[in-house]
Amino acid sequence: MARKILYQDAINEALDQEMARDDSIIVMGEDVVGGTGANGEMDAWGGVLGVTKGLYGKYGDRIMDSPISESALVGAAVGAAATGMRPVCELMFIDFMGVCFDQIYNQAAKFRYMFGGKAKTPVVIRTMYGAGFRAAAQHSQCLYNIFTHVPGLKVVMPSSPYDAKGLLIQAIRDDDPVIFCEHKALYATEGDVPEESYAIPFGEANIVREGDDVTIVALGRMVRFAAKAADTLAADGIDCEIIDPRTTSPLDEDTILESVENTGRLVVVDEANPRCSMATDIASLVAQKGFGYLQAPIEMVTAPHTPVPFSGALEDLYIPSPEKIESAVRKTADYGN
Amino acid sequence: MAASLSVEDLLDAYRTMKTIREFEERVHVEFAKGGIPGFVHLYAGEEASATGVCMNLTEDDYIASNHRGHGHCIAKGVEVSGMMAEIYGKGSGTCHGKGGSMHIADLDVGMMGANGIVGGGPPLVCGAALSAKLQGKGGVALAFFGDGASNQGTTFESMNLATVWKLPVVFIAENNGYAEATASSWSVSCKDISTRAEGFGMPGVTVDGHDFFAVHEATKTAVERARAGEGPSLIECKLDRFFGHFEGDNQKYRAPNEVKTIREEKDCIKRFSATITADTDITPDDLAVIDGEVQALIDSAVAKAVADTEPGPETLLTDVYIKY
């Protein structure tokens, strides 16, 4: 039965239901319990933002705090995955991949192919991304495109509580390494989530809103911003179709192309920096395979090519806004007029 | 000599060491002829380490290896003709020609892979050890790494994590004196890598890596400790490689006659043979029989590898989740 819960509680519920189902699922990360070895309470944090709170009480040693050693932590998760477990490893901020990327892209991503199909690495790396918390340049990035570039990794970007639960359950059951990207500004958002367990398949985009005038492909938090822009535009008679790819790897090319075939106009909204991004990737996909459908140049709404600034005045300018999306849609809708 | 080893064990150890030696000497020759593609790093000279370590393990235990991994693979039980075919890049190779010398892996016999990244293995064995611990079957996991990787942060992180999580891990530092072309006497900040164990709260010991029995004994102690749930250990095997860092290495950084002296005075197989023929009923003829069998095995592996077909073009896009 559906009820409204928070994005972060949907993630917790997915972990809980899966851990209850399968003993080989373990959770590891820095302060995913919080309090290990200290004199106070265990489960003091349940993750830096409380996402894993309560799991320790139910599953004990199957959820474990790690020293702040991301290479050893992620590598241990990968090694455990290759030897029979299904670890869900929390890499607190996606920005921290710099200190453990080898274990992700040279080890986890490569095993299945490089070993001729003789290994599987069913590991999920949950990680927080995105700007909006005044957390500055080293705790706010959108680096999912870097993982998307690497064959062997699957990359997931839930934009709603419903997707967060269903995609995480799919990620845990998947036999490939999955980078599960959670936008920190979405944790406190609420949405309908069924109580029962369900999995959302990878590589199947969600048509969030149907419309015939302009296609907006938006990722993660940007899906909500696109919806807001679409509401405003609808009042002016511009009907937007919003596509949420849900997973950037694999990418559902067909749904995007079919939508552009119908609308003839595309706006891609990506919170990441613009070069070599999902925005350019999706734009190039449509330019290559859907050129004949286009009635206007493709528009991209992205962050500028700068680090994420600290000051709120600057960070608000940095993040793509509903207003910028609205303006890009108007530009493409008006093209030629 | 270790009293715990039967004549059968000793002959097995001899066969393993000899197989590694012949495999590597032959790859050296075939590489020079141009038949083998890519980067190849040979283990000849270090056989007592892989063999002495792996004789303490079962098929359910795991090892992670490094770029110099052929010896570890053979000692852990990876099938030799599949390895040779893999090194030739053939479809019948252990990894169907997708891995090559630096990535031979066979999880079915507990071999988690040679590894092209220096320091790549230690974090992985922490995971295998965690699996073993949670599965409660008494399994252990070992990482072989060199003096080069002994300076990598991943190795330090893994040692700390293994102690903190009390994992059944054994870290095997094979110090062959050189990380590529740089001397470990210069690049390693302490005299013995094993002394770093103290900083991570685990026992550490340095042994003569040319001495099969010393390696075997030290590993036995460490593996027993790990199986008993008492946590990780570090063993440093000081040894020498007969060949360069990679095939094609001019080795000008080594002293004149250095390798010649090592081959004459520090050959672990000669030393092992002398000991077992002196201390047991094993005769040089017994060893000669094994030599002949090993030679035939390697000859056949090379012939098969050369004759095997290349991987089919359709396999370019298999074993990965999506084909763009």
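Hi everyone, let me start with a definition: two residues are in contact if their C-beta atoms, placed from the backbone, lie within 7 Å. What you see is a predicted model, where local features need pLDDT of at least 70, side-chain atom pairs count only at pLDDT 80 or more, and totals for chains, interfaces and linings use all residues. Residues are numbered from 1 along each chain as its sequence is written, while chains are lettered from A and ligands numbered from 1 in the order in which they are written.

Let's take the domains. Chain A is divided into domain 1 (2-194) and domain 2 (206-334), with bounds from an automatic or database domain assignment. Their centres, taken over C-alpha atoms, are 27 Å apart. How many residues of domain 1 of chain A are in contact with domain 2 of chain A? There are 24, and they meet 23 residues of domain 2. On the domain 1 side, α6 (144-148), β6 (154-156), α7 (161-173) and β7 (178-183) of chain A each supply at least two residues. Helices here are DSSP runs (H or I, at least four residues), as are strands (E, at least two), numbered from the N terminus.

Now the core. The largest nonpolar core has 202 residues. By that I mean a set of buried Ala, Val, Leu, Ile, Met, Phe, Trp, Tyr and Cys residues joined through C-beta atoms within 7 Å; buried means 20 or more other C-beta atoms within 10 Å of a residue's own, exposed means 12 or fewer, and partly exposed is in between. Helix α3 (residues 70-82) of chain A gives the most to this core, with 9 residues. Among the residues with the most contacts inside the core are A:Ile216 and B:Val125. Setting aside residues up to four places away in sequence, A:Ile216 touches A:Ala226, A:Val267 and A:Val329, among others.

On to the two chains. Their contact takes 34 residues from chain A and 35 from chain B. Which element gives the most to the chain A side? That is α3(A), with 10 residues.

Last, a bit of sheet. Strands β13 (residues 266-270) and β14 of chain A pair in the parallel sense over 4 bridges; pairing needs at least two DSSP bridges. In β14(A) (residues 299-302), A:Glu299 and A:Val301 on one side and A:Met300 and A:Thr302 on the other are all buried. Opposite A:Thr302 stands A:Asp270.
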